[in-house]
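Take a moment to look over the sequence and the 3D picture before you read on. We'll walk through them piece by piece.

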Amino acid sequence: MNDLNKQVTDELTRLGADLTGFGDLAALPSDMRSGLPIGISVGVRVPREIVRGITEAPTLAYWDYYHSGQDSLDQLAEAGAEYVRALGYEAFALTRKNTQFVGALRSALPYKTVATRAGLGWIGKCAMLTTEKFGTAVWFSTILTDAPLDCAEPVNESKCGNCPACTDACPAKAISGKLWNANLDRDEFFDAAKCAAVARERAKERIGVDYSLCGRCIAVCPRTERYLEAGGSDAIA
Ligand code: SF4
Ligand code: SF4
């Protein structure tokens, strides 16, 4: 890690990031990455008490956190981009309002793609970014930049192995069980439309919200369970 990597990591950590990584995106089409070659992937863990609540179904606490957590993540990315610009480089925060979609359920440059390029984890069978430290209980944003940062070795293969947990637990049967690799399109192992439809039904039924919200695959992941077991409880943000 060069000095600039450390400086940016320290600042993002001070701003609230739990994971920071640097990914080389130069091989991706230029318009996907706003002409900038590097993606800074920034992750914030979902609080343990929230995750513990969604083992069976979505909760109102998860619904509330869904908004406040995403807002905080956007603010973190904006503040991080501003910091990198103040150092003299171009930087663009890929917040929700800046995200381009190339289909109903697909963004042009998914946060999780950048996170794999930044070496922070792999795409799990449930299509969530999966990490050793927080399992799937971590949300990501991206800052695109031309700053001369050292980039990580990308993760190109799944580490899910023969784990059946999310496949078995998914009420939508949206998870095929096939292992991800960097050359596999999401649609080849995960049915996003089925997930969205059943998650909407469950949120309506359980908490009266007309929105696709489930999260069961997050709570049952053994890597997430390890994160839950590691730290007791924490205050809900
Ligand atoms: S969010 Fe729910 S419905 Fe969607 S993949 Fe996960 S467990 Fe299945
Ligand atoms: S539950 Fe198992 S298969 Fe699913 S993402 Fe976690 S480790 Fe991978």
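First, some ground rules. This is a predicted model, where local features need pLDDT of at least 70, side-chain atom pairs count only at pLDDT 80 or more, and totals for chains, interfaces and linings use all residues. Residues are numbered from 1 along each chain as its sequence is written, chains are lettered from A and ligands numbered from 1 in the order in which they are written, and side-chain values use heavy atoms, with hydrogens and water left out.

Let's start with helix 1. Helices here are DSSP runs of H or I with at least four residues, strands are runs of E with at least two, and both are numbered from the N terminus. Helix 1 covers residues 3-15, which makes 13 residues. From its first C-alpha to its last it reaches 18 Å, close to the 18 Å expected at 1.5 Å a residue (the expected span is 1.5 Å times one less than the number of residues).

Which residues of helix 1 are buried? They are Leu 4, Asn 5, Val 8, Thr 9, Glu 11 and Leu 12. The arc is taken from the directions that run from the helix axis to the C-beta atoms. As for the cut-offs, buried means under 20% relative accessible area, exposed means over 50%, and partly exposed is in between, using a 1.4 Å probe and protein chains only. The face turned away from the buried side carries the exposed Asp 3 and Arg 14. Strand 1 (19-24), strand 2 (38-45), helix 3 and strand 8 (138-145) are among the elements that cover the buried residues of helix 1.

Now check the two ends. Asn 2 caps the N-terminal end of helix 1, with a side-chain oxygen 2.8 Å from the backbone nitrogen of Leu 4. After the helix comes Gly 16, whose phi is positive, near 125 degrees. Gly 16 belongs to the loop between helix 1 and strand 1, and at 34% relative accessibility it counts as partly exposed. Its C-alpha is 9.0 Å from that of Gly 43, although the two are 27 residues apart along the chain. Leaving aside residues up to four places away in sequence, Gly 16 touches Val 44 and Leu 76 (contact means heavy atoms within 4.5 Å).

Helix 3 (residues 60-86) holds Gln 70. Buried or exposed? Gln 70 is buried, because its relative accessible area is 15%. Beyond four places in sequence, Gln 70 touches Tyr 65, Arg 96 and Trp 139.

Further along is helix 8 (residues 222-230), where Arg 223, Thr 224, Tyr 227 and Leu 228 are buried. Seen down the axis of helix 8, they fall within an arc of 145 degrees, so they line one face. On the other side, Glu 229 and Ala 230 are exposed.

Finally, find ligand 1. Around ligand 1 are Cys 170, Pro 171, Ala 172, Ile 175, Phe 190, Cys 195, Cys 214, Gly 215, Arg 216 and Cys 217, each with a heavy atom within 4 Å of it. By class, this shell has 8 nonpolar, 1 polar and 1 charged residues. Here Ala, Val, Leu, Ile, Met, Phe, Trp, Tyr, Cys and Pro count as nonpolar, Asp, Glu, Lys and Arg as charged, and the others, Gly among them, as polar.

Note on methods
Polar contact = N/O pair within 3.5 Å; in protein donor to acceptor, adjacent residues only side chain to side chain.
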